[in-house]
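The following account considers the charged pairs and a nonpolar region of the structure shown below.

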Amino acid sequence: MRSKSEAPYHVRKFIASFAALLNRGADEPKRFVGTLHSDNAGEFLSTQFTDFLAKSNVHASTCPPHVHALNGVAERAIRSIMDLARSALVSASAPIGYWDHAVLHAVDVLNRTS
């Protein structure tokens, strides 16, 4: 993702691919993404995006503005991922250009161990 304005596109793509994956081989389609919880970022509050969520039967909920403690799970996950990615880059003496690979590796490690 190059800019925040691409976020709705990637959420749409994720919901579609996740539903396709989980509905593979099912007799009737099922809805798996029920709620999208986000901060009050403008890219998730646009009319176009909220209309998409309504059509997809996805409930949108937001945190109160400037209260990061209420989004603690996401904040902690991001911190864990970035700590592990930085550690991997430093221990491997890898250039900063490999940060995206280090982040993917960190997510994979955390998914397998959590």
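Is aspartate 108 buried, partly exposed or exposed? In this predicted model, aspartate 108 has a relative accessible area of 34% and is therefore partly exposed, since that class lies between the limits of 20% and 50%. Its salt-bridge partner is arginine 112, and the closest N and O atoms of the two are 3.0 Å apart. Arginine 112, at a relative accessible area of 68%, is exposed. Both residues belong to helix H4, which covers residues 99-113; because they are four residues apart there, about one helical turn separates them.

This pair is part of a total of three salt bridges in the structure. Elsewhere, salt bridges with shared partners connect Arg79, Asp83 and Arg86 in one network.

Toward arginine 79, the side chain of aspartate 83 makes a salt bridge with an N to O distance of 3.8 Å, a value that is counted because the cut-off is 4 Å. The two residues lie in helix H3, residues 72-92, and are four residues apart, so about one helical turn lies between them. Toward arginine 86, aspartate 83 makes a salt bridge in which the closest N and O atoms are 2.8 Å apart. Here the spacing within helix H3 is three residues, which again means a separation of about one helical turn.

How accessible are the members of this network? Aspartate 83 is partly exposed, with a relative accessible area of 34%. Arginine 86 is likewise classed as partly exposed, at 47% relative accessibility. Arginine 79, with a relative accessible area of 54%, is exposed, because the exposed class begins over 50%.

Attention may now turn from charged side chains to nonpolar ones. Which residues make the nonpolar surface patch? Leu21, Leu22 and Phe32 form this patch, which has an area of about 260 Å². Phenylalanine 32 lies in the loop that runs between helix H1 (7-22) and strand E1 (35-38).

In summary, the account has described a salt bridge between arginine 112 and aspartate 108, a network that joins Arg79, Asp83 and Arg86, and a nonpolar surface patch made by Leu21, Leu22 and Phe32.

Key: Residues numbered from 1 in each chain as written. Predicted model: local features only at pLDDT ≥ 70, side-chain atom pairs only at ≥ 80, totals over all residues. Heavy atoms only, no water. Patch = residues over 30% accessible without salt bridge, like charges linked within 9 Å, V, L, I, M, F, W, Y side chains within 5 Å. Areas by Shrake-Rupley, 256 points an atom, 1.4 Å probe, with all protein chains shown as cover. Buried < 20%, exposed > 50% of the residue type's maximum accessible area, 1.4 Å probe, protein only.
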